[in-house]
Amino acid sequence: YVFDLIYLDGWNLCDVPLRERKRLLREILNPGDLIRLSDDFADGGALYEAAKSQGLEGIVAKNPESCYVSKRTSDWIKYKVTSQQEFV
């Protein structure tokens, strides 16, 4: 899965908003069996529930206007699926 584009033809795109980087990525990528483009989902709650029902680790929420930085920020937030068990 490809989810971001930070360089293109020698141009550093780190200061370009995620929305624009993903648009450029869609223009140059030919998805197929080996390469897939990570989709965007407007309904995070439904996506979280789908991830939970499939036993996935969680989802990542991203600010579409955020620039790329190589550190943790509030623009990219991981929502973990938590499993609970009761013991008697």
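The model is predicted: local features need pLDDT of at least 70, side-chain atom pairs count only at pLDDT 80 or more, and totals for chains, interfaces and linings use all residues. Residues are numbered from 1 along each chain as its sequence is written, and side-chain values use heavy atoms, without hydrogens and water.

R21 belongs to helix α1 (residues 18–28); a helix here is a DSSP run of H or I with at least four residues, a strand a run of E with at least two, both numbered from the N terminus. R21 has a relative accessible area of 0%, so this residue is buried (buried is under 20%, exposed over 50%, partly exposed in between, with a 1.4 Å probe and protein chains only). Among the residues that R21 touches are C14, C67, Y68 and W76, not counting residues up to four places away in sequence (contact means heavy atoms within 4.5 Å).

The structure holds zero disulfides (a disulfide is a pair of cysteine sulfur atoms within 2.5 Å). The sulfur of C14 has its closest cysteine sulfur in C67, at 8.7 Å, which is too far for a bond. C14 is buried at 15% relative accessibility, and C67 is partly exposed at 33%.

There are two aromatic pairs (ring centres of Phe, Tyr and Trp, its six-membered ring, within 6.5 Å; planes under 30 degrees apart are stacked, over 60 edge-to-face, the rest tilted).

| Pair | Centre to centre | Angle between planes | Type |
|---|---|---|---|
| F3 and W76 | 6.5 Å | 70° | edge-to-face |
| Y68 and W76 | 6.3 Å | 80° | edge-to-face |

F3, Y68 and W76 make up one aromatic cluster.
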